[in-house]
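Keep the viewer open as you read.

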Amino acid sequence: MVYDLNSFVLQKDTLLSESKSWQYQKDFFNDQGINAWAGKVPFYITSNPYIANSYANIIIRFFQDCIHKDIYNPSEPFYIIELGAGSGTFSFYVIKRLLELQKALYLTDIKFVYVMTDFTDNNIQYWQDHRAFHSYIEKGLLDFARFDVETDTEINLIRSNKVLSADTRRPMNSYVKNPLIVLANYIFDTVSQDIFRVSQGKFQAALATLSTQKDNVQDNKPIELEQLKVEFSYVDSNIPFYQDQHLDAVLSHYQNQIDDGYFLFPVGSLRCIRRLMDISNHKLCLITSDKGYSRYGDLHQQEEPCCTFHGSFSMMVDFRAIAQYFKQCGGDYYHQFTEQSLNTSVFLQGFDLQTMPETRQAVETFLDAFGHATVFRLYEHINLTKSFSTLETLLTFLSTTQWDPHVFNSSFDLIINQIRSEYTSHAVVKDLAFIMEKIAVNFYYIPYSIDTLFNIALFFQEIGEYEKALHYYYQSINYYGKNDVTLYNMGLCHYFLNKPERALEMFGVAVKLNPNYIMARGWISQIESEMCEQ
Ligand SMILES: C[S@@+](CC[C@H](N)C(=O)[O-])C[C@H]1O[C@@H](n2cnc3c(N)ncnc32)[C@H](O)[C@@H]1O
């Protein structure tokens, strides 16, 4: 064995689920707060309008099935709990879409409260302050809770002060009266797991050794989580392993199925699901998306699982274990037809999909027929080939993605170039102008994000609609503050609207912000001389 003299062992031979790695993970998210999503942790695939559309459709159909089954108590809301809501982008899209669908389907009398949760107060504070959520908060549609997936047994709602609990010592209003809906995206891959190996008839559990470079250690913790090294050794084990009837039953199921190979066991997620089942009075609908597998687990069993680092770290999620758990607890499940890109599954306790026709129909449509995984694949394809795309294709793709600002921003240069081309049809430019508002209302601010509002303004400036351009430049300033280029463009808009004084003002501010802004200075001289001539 070769020893690395620069290496520092943080923890040796500890059951993976009990290792310090999960606390390091939480430290990362707590320290970073909202900045975790400024290019460090990937989140686009779970935070766009089209995945929200899929979820919202499934949720609304689930509501309808509950009404048809006469298990909806109209005096109480449905609670929709999102675990590890992160940046809040997905929450923003899904609430918006739920309200649109409620209105379209004349279901506005169904009450729901959406609860964004995370373990760190830093994220919760960010959401509470975010202006995109203020009207939902005022209407009582949105609440927040600090909820740690690994440990918490109750959901304490911050705004209404209600507690959702299974504890019989709590007051009666702590029990949820309607089935509980839980949404979990990119969270089960973030919380504790174990690895098991079946080898030559032996059943073995993985022990983790955590180490890092000496100069990456402070207070016995890694400074940069990405430089954490996680290595495994294996120890002979027996079932019962967890001393928990349901967990051990799932484990036995695997042990009996695998002759030789590894499997990941999402123990932290399963324990959380158990607590949520209790809170829900065993009427639960869980919709979850993660990097993981639900179909071809055997393909993944050949290689030792590992941690993947991307700011934080993640491990694949074996959705089959979750399905097995639900089956044992009187439930049902549906896995998306493919595990490519992102795996989405729906799990039910207290319900059977066969007797939930609305939900089943929505699940088949939005996970399989034309769901977010399909749209994401198309997105990747279009991203690679977009230099050959026409404006017509981009327009239809924007519609397919439910007017996704990210798609708009990533095609923006192309859109502008094509508008300038003499071959572009006026009708398609008009269509684009018409749908800009739909993109604008899908804008959700997070620090260091691309300024969609600026791009929309620039689009209108490019097609000569200067009033609209100014409207969006002002909106952009509201979020991102004043900068020289925005002010310069506003100066141009005012000039072409025949408002030279306002134009001068704007160019003046641009020069104040950037004294070397030659073009702004040039416009000031030109306008001043034009004014003198009049
Ligand atoms: C990978 S991010 C996913 C965020 C969001 N759901 C998304 O799809 O972009 C994981 C989120 O889970 C939160 N988290 C990590 N450990 C947690 C735990 N033990 N309990 C609750 N939330 C946790 C983090 O703060 C972070 O917001």
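## Helices α18 and α20

In this predicted model, α18 and α20 are roughly parallel to each other (an angle under 35 degrees; over 145 counts as roughly antiparallel, 65 to 115 as roughly perpendicular and the rest as oblique). Helix α18 covers residues 484-496 and helix α20 residues 518-533; they pack at an angle of about 25 degrees, with axes 10 Å apart. Axes here are lines fitted to C-alpha atoms, for helices over the stretch in contact, and angles run from 0 to 180 degrees between N-to-C directions. Helices (H or I, at least four residues) and strands (E, at least two) are DSSP runs, numbered from the N terminus.

The crossing of α18 and α20 is left-handed, meaning that the near helix is turned anticlockwise from the far one by less than a right angle, while clockwise would be right-handed. From α18, Tyr488, Leu492, Tyr495 and Phe496 take part in the contact (heavy atoms within 4.5 Å). Their partners in α20 are Met519, Ala520, Trp523, Gln526, Ile527 and Glu530. Sorted by type, the contact residues of α18 and α20 are eight nonpolar, one polar and one charged. In this sorting Ala, Val, Leu, Ile, Met, Phe, Trp, Tyr, Cys and Pro count as nonpolar, Asp, Glu, Lys and Arg as charged, and the others, Gly among them, as polar.

Helix α16 (residues 452-462) packs against α18 at an angle of about 25 degrees, and their axes are 11 Å apart. That makes α16 roughly parallel to α18, and the crossing of this pair is left-handed. Phe454, Leu458 and Gln461 of α16 meet Val485, Thr486, Asn489, Leu492 and Cys493 of α18. Five of the residues in the contact of α16 with α18 are nonpolar and three polar, with no charged ones.

Helix α14 (residues 412-420) packs with α16 at an angle of about 5 degrees, with the axes 11 Å apart, so α14 is roughly parallel to α16. Phe412, Ile415, Ile416, Ile419 and Arg420 of α14 are in contact with Asn455, Leu458, Phe459 and Glu462 of α16. The contact of α14 with α16 has six nonpolar, one polar and two charged residues.

Residues 450-483 are 76% helix and 0% strand, and their end C-alpha atoms lie 14 Å apart. For residues 484-517 the figures are 79% helix and 0% strand, with 8 Å between the end C-alpha atoms.

## Backbone details

Which peptide bond is cis, with omega near 10 degrees? The bond from Ile239 to Pro240; Pro240 sits in the loop between β12 (229-236) and α6 (245-257). Asp70, although not a glycine, has a positive phi of about 65 degrees, and Asp70 lies in the loop between α2 (49-68) and β2 (78-83).

## Overall fold and conventions

The protein has 20 helices and 20 strands. Its C-alpha trace spans about 95 × 65 × 45 Å along the principal axes.

Residues are numbered from 1 along each chain as its sequence is written. In this predicted model, local features need pLDDT of at least 70 and side-chain atom pairs count only at pLDDT 80 or more, while totals for chains, interfaces and linings use all residues, and side-chain values use heavy atoms, leaving out hydrogens and water.
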